[in-house]
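Me: I'm new to this one and would like to learn how to read a few of its backbone features. Could you walk me through them?

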Amino acid sequence: MAQSVVVQVGQCGNQVGRCFWDLALREHAAVNKKGIYDDSLKNFFRNVDTRRNGDGVDVSKGKICSLKARALLIDMEEGVVNEILQGPLKDIFDSKQLITNVSGSGNNWAVGYKVFGSQYQDQIVEKLRQTAEHCDCLQCFFIIHSMGGGTGSGLGTFILNVLEDEFPEVYRFVTSVFPSGEDDVITSPYNSVLAMKELNEHADCVLPIENESLFDIVSKINQMVTSGKPGTTVKPESLVTLNEGGIKKKLQEKPFDTMNNIVGNLLLNLTSSARFEGSLNMDLNEITMNLVPFPQLHYLVSSLTPLCTLADVNIPPRRLDQMFSDAFSKDHQLIQADPKHSLYLACALLVRGNVQISDLRRNIERLKSSLHFVSWNQEGWKTSLCSVPPVGHSHSLLALANNTCIKPTFIELKKRFTRLYKKKAHLHHYLQVDGMEESCFTEAVSSLSSLIESYNELDVTKGLPVHDPLRLNIVI
Amino acid sequence: MSIVTVQLGQCGNQIGYEVFDTICRDLHNTQGFCCKRENEVYQASCKEHFFNEEKSGVPIARALLIDMEPKVISQTLLKAAHSGRWKYGQHSHFCQKQGSGNNWAYGYSVHGPKHEESIMNLIQKEVEKYDSLRGFSTIMSMAGGTGSGLGAFLTQNLRDAYPNSFIINQIIWPYGTGEVIVQNYNSVLTLSHLYRSSDALLVHENDVVHKICAKLMNIKQISFRDVNQVIAHQLGSVFQPTYSPEDSCQYRRNPLGDLMASLVPHPEFKMLGLRNIPQMSENSLAYTTFAWTGLLKHLRQMLISNAKMEEGIDWQIRPPLSGLPALEKVLPNKEFHFNTSIANLVILRGKDVHSADLGGFKDPALYTSWLQPSDAFSEWRTHRAFNKYEKLAALVSNSQFLLKPLDTIIGKAWNMFASKAYVHQYTKFGIEEEDFLDSFTVLEQVVASYCNL
C-alpha cells in the first residue's frame with residue numbers, strides 16, 4: 001500500500017489541515033474496531049512505539065501504539081500551528097514536523113516565496129526527506145494552502161517546486177483555496193496570479209476551492225437542519241457537518257470549521273478507494289491518468305454529496321439517484337461554477353458505501369444526455385466503488401470534473417489582477433524583495449492568459465457537429 | 001494435463017476467485033444426473049486440471065495471483081481460505097505496493113521489465129509441480145493498467161519461455177460507457193500485442209453479462225460479484241472435464257489444445273466469443289425443464305443473428321441459401337444481417353446428451369467458404385451435468401461476433417488519438433505515437449479480415 005504526505009502551509013492550509021486530520025482519525029476509529037495498525041491506516045499515519053528511545057521506532061504491524069500523522073506543518077506565524085499543538089490533535093504531530101516563524105509574510109507572495117523560500121529551503125528539504133524515509137512507498141504529496149495570502153501562496157508554491165525537484169516521481173495534488181470577490185486582502189489578486197503560474201507548471205493536479213461556495217453549502221446545511229421538515233433531522237455523527245459538539249452550535253459559532261470540514265472530507269473521499277477495499281478500486285495515480293488529458297489542463301472542479309445524512313434508515317433508490325443528480329448541480333460545487341452548462345473534458349465519480357455497478361450505470365445513463373462532453377471523449381467517465389462509506393452515512397459521492405466551467409474563475413482573477421497592476425498599486429512591496437522584478441508579474445499573467453486561451457479553444461468546439469476522423473485504410 | 005491460471009489485476013483476481021469457487025462447487029455437486037462412478041471420474045479429472053492435492057486435504061488452486069497493489073490479492077486469498085473448500089497456494093502470489101494507474105504504458109514498460117524475473121520465477125516454480133503442462137489461461141481486463149499492460153508483457157514472456165504450451169487469454173471487455181476514460185487506448189494496445197503472442201482471445205463483454213444479470217437472472221441491484229459469477233459459470237461450462245470418444249473414451253486430457261485445434265485454424269483469426277444457454281438464477285432452475293431441440297434451436301439462431309443472449313433474438317435473420325452468389329461484403333457500421341463463422345465448438349452437458357441433434361450447426365451456409373463444416377464444427381458431449389443445470393449448451397465461436405465491438409473500440413480510440421488527448425501519459429513511459437499507430441494498424445487488419453469472411 002502506498003503512502004501520502006500532507007504538507008499544510010499558511011494559516012488557511014493549517015486550519016484546513018487540522019480539520020482533515022481530525023476527520024481522518026475519526027473515520028479510521030469508526031472503521032478499525034480492533035485497534036490493529038492495518039494497511040488503510042498506513043496511508044496517512046505512522047505507527048510509532050514512543051516508549052523506546054527518543055524518536056520512537058516505527059511499528060509496521062500489530063496493535064496501534066501511537067499514531068503519527070505523515071504531515072508537515074509550515075507557517076510563518078505561530079498562532080495556528082501552536083493552537084493545533086495544544087489542541088486534541090497534539091499527539092499525532094511532533095516537533096520535527098513543524099517549520100514556523102514569528103513575523104509572517106505580510107500577505108506578500110514575494111516574501112513567502114523568495115525570502116522565506118530561500119531562508120527555509122534546507123530545513124524544508126531535510127524534513128521532507130525525513131518524512132519520506134518513513135514511507136516504504138511514497139505515492140503522493142497533498143499540499144493544502146490558500147492562494148490569496150503570503151505564506152500559503154508564496155512559500156506553498158515554493159515548496160511545490162522543491163517537491164518536484166527532490167521527489168520527481170511522487171504525485172503533487174494541490175488543494176488551493178481561491179480568494180473570493182470581496183476578499184479583505186487587497187493584494188490577493190497579485191498573490192493568486194503569481195501562485196497560479198507555479199501551479200500551472202509544477203502541480204500534477206489542482207483542486208480549487210472558493211470560500212463563497214463553501215459558505216453557501218454551509219448555509220444550505222443550516223437551512224436543512226433548522227427547517228423542521230419531517231424526516232429531515234440530521235444524524236448527529238454526520239461527518240460532513242462537525243467535529244464535536246452540537247451541529248447548531250458549531251454552525252453559528254465557527255462557520256470556518258464547518259467549511260474546512262468540507263475540504264477535509266474532499267481529501268478523505270479522494271483517497272478512500274486507495275485506502276479501503278471495494279469492487280472497483282481507484283488509486284491516486286488513476287486520477288491524474290484519467291482526468292488530465294493535456295498536461296496544463298489539470299484543474300478539477302469537485303462536488304460532494306450528500307451534504308448531511310437524513311435520519312431515515314431506508315434509502316429508497318430515488319434518494320440514491322438524487323445524490324447523483326445533486327453532484328452535478330451548481331449548488332454543490334466547491335467553486336462558483338456550473339459544470340452542467342459548460343464543456344466536460346472528463347468526469348470521475350468516486351462512490352462510497354452500499355452502491356453497486358448497476359446503480360452507477362443507471363445514473364450515468366440518466367445524466368449523460370444533459371451534459372456536454374468534448375467530441376473526443378464522449379464517454380469520458382471514470383468510476384470507482386469503495387465499500388466503506390464515510391462515518392454517519394450509508395453512501396456518498398465525490399464528483400471530480402475537468403470542465404471548462406472553471407474558466408470564469410480564472411478570467412475573474414485576471415481581471416482583478418489587471419485592475420491593480422494597471423495602476424501599479426502596491427507593486428513596490430513586491431519589487432523591493434530581492435529577486436522580484438516586473439517580469440515575474442508579466443510572465444505570471446501571461447501563463448494565466450494562455451491557460452484561459454486553452455479553455456477558450458475547447459469551448460468553441462461545444463455544440464459543433466462532430467465529424468469522426470477518417471480511419472486507417474487497410475488493403476488486403 | 002494441467003492448466004495454469006494466471007489472474008492479473010483487480011478484475012483478473014476477482015473473476016479468478018469466482019471461477020475456482022464455481023468449479024469447486026460443481027465438483028462437489030451431487031446433482032450430476034449421472035451414476036456415482038461417472039461422477040467420481042469427473043471429479044478426479046477436474047481436480048487434476050485445476051487443483052493440487054495437499055496433505056491437509058484442502059485442494060489448492062492451480063493459479064497465480066498477480067497485481068501491482070495489495071488490496072485485491074489480500075481480499076481474494078482471504079475469501080478463498082474462508083470457504084473451507086479450497087484455497088490458493090501460500091506462495092502463489094506476487095504483488096507490489098503501487099498500482100499501474102490505469103496506464104498501459106506503465107504496466108507494460110515499467111512494471112513488466114522490473115518484475116519480469118520475479119514473476120517468471122514464480123511461474124516456473126508452479127509449472128515444475130506438474131508432469132505435463134498443457135497451457136496457460138490468463139484472466140485480465142483490457143481497460144485498466146495492470147491486467148492490460150502487464151498482462152500483455154507477461155503473455156509475450158510466456159510465449160518465449162514456453163513455446164510449446166498453449167496460451168489463451170480470457171479478456172474482459174469493458175462497459176461501453178466508461179469504467180476508465182482511457183480504456184479504449186488500453187484496449188487497443190492490449191489486443192494488438194496479445195494478437196502477436198497469444199493462441200486465442202476468449203472475450204467476455206461486461207455489457208452483455210450485465211444484461212444477462214438484469215434480464216435472465218432477474219437481479220435487481222447488480223454488483224460486480226454478480227457479473228463475475230456469470231462469467232465464472234460460462235468459463236466453467238467450457239473448461240470443466242468433457243468426455244472424449246476419440247481419446248479412448250475417457251475425459252479429455254488436453255481441453256485447451258483441443259479447443260485451439262478446433263477453433264483457431266488460422267493465426268489471423270483469434271477472437272472467440274462465448275454463449276450459454278440456458279442462463280437463469282439458481283432459484284428458477286429447480287422449476288424449469290428444457291428439451292435439447294428447443295435449446296439448440298435458440299443457440300443456433302443466437303449464432304446466426306449475433307444475439308448476445310437467449311432473449312430478444314432476431315428470428316428474421318437467415319443464412320444465405322447455398323448456390324447463390326456470396327453476400328456483399330459486410331461493413332461493420334452497416335446493420336448486421338448474418339454472422340459468418342470460421343469455426344464453432346458446441347459443448348453439451350447433462351441429461352440425454354446423446355440424443356441432442358446438432359445437425360443445424362453443420363450447415364455449410366454458416367461458415368466461410370474456405371472451410372468445410374467437418375473441419376469447422378466440433379462437438380463435445382458429456383452427460384455429467386454442470387452447476388445444477390440439468391441441460392446446458394455452451395457455444396465457443398470464432399466468428400464475426402466481436403467484429404462490431406472491436407470496430408467500436410477502435411473508432412473511439414482513434415477519435416481520441418486524433419486529438420492527442422492523454423497521449424502524454426503514455427509517452428512518459430515509453431509508448432510513442434508510432435506504437436499507437438502500429439497497434440491501430442494491426443487491429444484494422446483484424447477487422448478487415450473478419451469483415452471479408
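Me: Where does Y422(B) lie in chain B?

Reply: Keep in mind that this is a predicted model. Y422(B) is in the loop between α13 and α14 of chain B.

Me: What is phi of Y422(B), and how should I read it?

Reply: Start with the general idea: most residues other than glycine have a negative phi. Y422(B) isn't a glycine, yet its phi is positive, at about 70 degrees.

Me: Is Y422(B) buried or exposed?

Reply: Anything under 20% relative accessible area counts as buried. Y422(B) has a relative accessible area of 0%, so it is buried.

Me: And what about K420(B): where is it, and what is its phi?

Reply: K420(B) belongs to the loop between α13 (403–418) and α14 (423–427) of chain B. It is another residue other than glycine with a positive phi, near 65 degrees. K420(B) counts as partly exposed because its relative accessibility is 33%.

Me: Which residues does the cis bond in chain B join?

Reply: I277(B) and P278(B) are joined by a cis peptide bond, with omega about -10 degrees. P278(B) sits in the loop between β11 (271–277) and α10 (282–285) of chain B.

Me: Now a strand. How many residues of β8 in chain B are buried?

Reply: In a regular strand, side chains alternate between the two faces of the sheet. For β8 (residues 200–205) of chain B, 6 of its 6 residues are buried. Both faces are covered: A200(B), L202(B) and H204(B) are on one side, with L201(B), V203(B) and E205(B) on the other.

Me: What does β8(B) pair with over 6 bridges?

Reply: That's strand β7 (residues 166–173) of chain B, and the two pair in the parallel sense. Between them, the chain passes through helix α6 (residues 183–197) of chain B, in a β-α-β crossover that is right-handed. Look for I172(B), which stands opposite H204(B) in β8(B).

Me: How many bridges join β8(B) to β11(B)?

Reply: There are 2 bridges, and these strands run parallel. Within β11(B), M271(B) is the bridge partner of L201(B).

Notes: Residues numbered from 1 in each chain as written. Chains lettered and ligands numbered in written order. Predicted model: local features only at pLDDT ≥ 70, side-chain atom pairs only at ≥ 80, totals over all residues. Heavy atoms only, no water. Helix = DSSP H or I, 4+ residues; strand = E, 2+ residues; numbered from the N terminus. Buried < 20%, exposed > 50% of the residue type's maximum accessible area, 1.4 Å probe, protein only. Pairing = 2+ DSSP bridges. Right-handed = clockwise from strand over helix to strand, strands pointing away.
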